[in-house]
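Open the model in your viewer and keep the selection panel at hand. Each stop below says what to select and what is there.

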Amino acid sequence: MTEPVRHIKMWVTKRFGHKTVLDNFNLEVQGNEFVTFLGPSGSGKSTALNCIAGLIPLTEGEIWVNERRLDTLPPERRGLGMVFQNYALFPHITVFKNIAFGLELRHVPDKEIRQRVAEMICLVQLDGFEDRYPSQLSGGQQQRVAIARALVVRPSLLLLDEPLSNLDAKLRVEMRGEIKRFHEELGLTSVYVTHDQSEALSLSDRIVLLNNGITQQVGSPKQLFNEPANLFVADFMGFKNFFPCRVSMADGAEGTVVERKGLRLAVQSHAKPSVGAEVTAAIRPDDVQLVAHSEGVVGDGPVNRYRGEVKLAEYLGKESDLQVDCEGVGKVTVRTPEEVSVGDWVELFLDPKRIILLESGPQAVR
Amino acid sequence: MATAQAQPLPARSKPKSKERSYDLSVLALLLPATLVVVVLFVYPFVYGLMLSFMPQEGGISISNYVKFLQDPYQRESLFNTLRLAVPNTLVVLFTAVPAAYVMRRGMWGESLITTLLILPISLGAVLTSEGIIGYFGPGGWFNQILESLGIIKEPLRLTHNWTGVMIAMYFKQFAFCFLMLLGYVSGINPNIEYSARVLGASPLEVLRRVMLPLMAPGIAIATCLTFVTNFSVFPSAMLVGEPAGATRSIAIAAYQMAFEHYDFSMATSIAMIMGFAELAVVVMILGLRERLYKGSAISGAKG
């Protein structure tokens, strides 16, 4: 039941009535991998996880772990560990009993139960809390118990369903590190569900980004962050500025040049679209540079320089997010450490190396 | 208190004074409710208790209680009531608990079922009793159907006896108990159940190890309320029962004493006996729950 995972193979379609919540979800996971299902709410990421756990029956598909078919087994015979968003501890029994629950069901001898629970309590650093009831613990402690309860049975695969969403920001970062530590120390294979891109980026070996039940991109955090496959992925990974354009020059002296009325951008990207193609140029707010700012009007600059008026400034502490209204270009979101006030005129530089080109397809987000 | 706050106090005693002013405002909020309880419950109860020790013959004595317990006719009303209330509570419980458990995640047509169940409660005992007499009576549909199917030769006697009262009480109490339990069970976080499943518990083990202990407080309260309502059975016992015989419940005995014999002192004594019998059973049920699932009251149902 607890043989190590060498590979997981699944293809799953799930419909509720006429609504397809998971459309031919195809995935292979290697042993010891940390895979994250990322997406907004309603994207099907939790459905995919619940299908693996056996809490939701598949409409079509198969799930295989090594040479064992999983989807035909009831949840209690899949030998998995699962951690829920709201902890889902048993409120009527103590921390010790909660952690021992899975072992008791497996008829592990008492002596071994005590030893293994003690090991887990040590691992999640809850020494001295054995006899408390869940309601006497803080959120972070409850989640540690939930993790210990899932890990004590030495599951072949650990499933985590937004385990950090109920915790405050500081604790979330701390527990994120802990989860990574458990994964590595115990040599686990983990599938993690979240809507938080920073969690996904920091934890995962691989990310599966979902939207409306359809897989948008599968890749390493770096791939998703730097080379989003489409507009949706780009939007989700923090590109805020999108400029629909037409390619006017491919691979010239300035690289690729895209244009539309009032806007001309030079781009040095991996994508080599042909002249005349409809594309969307995208850039992150922190990749837009503030060249200079003054209260007067700044003269026209060379390549990729635009001037505009600051319409909105959102103070974030170290940095500020600005909404700059550039003539002909429209609104550009900029993240800058400089202090700028609403009404100021600024000049922006859109770094050609940091602009990506995406197909303006039917999946365009705006 | 104003002086206490003005003085430089050690840090520890500060919240104490705050707490006290908080207590006072709470008391003010409790006043209307307290008044209602005192006027409508405490005073009549104490008055009744005192009245029960002042028999019509005069003096202060426990002769009313002795008389009730020594008179086989009166004493029988207590057992009549128990013979109705105990089996009915058990039957209601053993049908309502599984029904509520099965429906805990909702099901198709749930609102229709709920509406149908609320009807007997909202229509009142008199109307439902009339309906039961018509439907289960010797010439009613129920007997006619059974006869036409050849299951019985003679019509079954289902009304104006113990069975009739059981049927009438069941309709009302099942709905009441089921709805109360459904609210309780569906309030339990489903992930608690799911996590037990993933940890290796079969549906039966989930029920035994997790759901029953979590449901225990709700079941205990539902049992108490069902029993107490059953114990004070009056309209059904009169209308579909045999109020001169097998279903002469203790409530009927008290009623007759008060409004047929005009012995209010004796009537209150009977009411007191009724009250203490109910209290004894409630204490027993809650004690049983405590013994079966120690500590399960902690933190309620929501994770």
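**Stop 1: a five-stranded sheet in chain A**

Start with the open sheet of 5 strands in chain A, ordered E13-E12-E11-E14-E20 and paired antiparallel. Bear in mind throughout that this is a predicted model. Select the edges of this sheet: strand E13 (263-267) and strand E20 (356-359) of chain A. Each has a single partner strand, so one side of each is left without a neighbour in the sheet. Look along the sheet for the twist, which averages 45 degrees from one strand to the next.

Now zoom in on one pairing. Select strand E12 (residues 255-260) of chain A together with E13(A): 5 bridges join these antiparallel strands. Which residue stands opposite Val258(A) in E13(A)? Show side chains there and you will find Leu265(A).

**Stop 2: a four-stranded sheet in chain A**

Move to the other sheet on this tour. Here 4 strands of chain A form an open sheet, again antiparallel, in the order E2-E1-E4-E5.

Pick Trp11(A), then look across to E4(A): the residue opposite is Glu62(A).

**Stop 3: two domains of chain A**

Colour chain A by domain. The domain assignment gives domain 1 (7-232) and domain 2 (233-359). Their centres, taken over C-alpha atoms, are separated by 39 Å. The contact takes 11 residues from domain 1 of chain A and 9 residues from domain 2 of chain A.

Stay on the domain 1 side. Select strand E10 (214-219), helix H7 (221-226) and helix H8 (231-236) of chain A: these elements give two or more residues to the side that touches domain 2. What classes make up that side of domain 1? Its residues divide into 7 nonpolar, 4 polar and no charged.

**Stop 4: helices H4 and H5 of chain A**

Select helix H4 (residues 139-151) and helix H5 (residues 169-185) of chain A. Their axes come within 11 Å and cross at roughly 15 degrees. Angles under 35 degrees count as roughly parallel, and H4(A) and H5(A) are therefore roughly parallel to each other. Their crossing is right-handed.

Show the contact residues next. H4(A) brings Gly140(A), Gln143(A), Ile147(A) and Leu151(A), and H5(A) brings Leu171(A), Met175(A) and Phe182(A). By class, this contact has 5 nonpolar, 2 polar and no charged residues.

**Stop 5: helices H2 and H4 of chain A**

From H2(A), pick Val95(A), Asn98(A), Ile99(A), Phe101(A) and Gly102(A); from H4(A), pick Val145(A), Ala148(A) and Arg149(A). Those residues make the contact. They divide into 5 nonpolar, 2 polar and 1 charged.

**Stop 6: where chain A meets chain B**

Show both chains. Here 23 residues of chain A are in contact with 21 residues of chain B. Select strand E6 (80-83) and helix H2 (95-105) of chain A: each supplies at least two residues of the side that touches chain B. Which element gives the most to that side? It is H2(A), with 3 residues. By class, the side of chain A that touches chain B has 16 nonpolar, 4 polar and 3 charged residues.

**Stop 7: helices H6 and H8 of chain B**

Finish in chain B. Select helix H6 (residues 125-136) and helix H8 (residues 162-186) of chain B; their axes come within 10 Å and cross at roughly 125 degrees. That makes H6(B) oblique to H8(B). H6(B) passes H8(B) in a right-handed crossing.

For the contact, highlight Thr128(B), Ser129(B), Ile132(B) and Phe136(B) on H6(B). On H8(B), highlight Gly164(B), Ile167(B), Ala168(B), Phe171(B) and Lys172(B). The residues of this contact divide into 5 nonpolar, 3 polar and 1 charged.

Technical notes
Residues are numbered from 1 along each chain as its sequence is written. Chains are lettered from A and ligands numbered from 1 in the order in which they are written. This is a predicted model: local features need pLDDT of at least 70, side-chain atom pairs count only at pLDDT 80 or more; totals for chains, interfaces and linings use all residues. Two strands pair if DSSP finds at least two bridges between them. Two residues are in contact if their C-beta atoms, placed from the backbone, lie within 7 Å. Ala, Val, Leu, Ile, Met, Phe, Trp, Tyr, Cys and Pro count as nonpolar, Asp, Glu, Lys and Arg as charged, and the others, Gly among them, as polar. Domain bounds come from an automatic or database domain assignment. Axes are lines fitted to C-alpha atoms, for helices over the stretch in contact, and angles run from 0 to 180 degrees between N-to-C directions. Angles under 35 degrees count as roughly parallel, over 145 as roughly antiparallel, 65 to 115 as roughly perpendicular and the rest as oblique. A crossing is left-handed if the near helix is turned anticlockwise from the far one by less than a right angle, and right-handed if clockwise.
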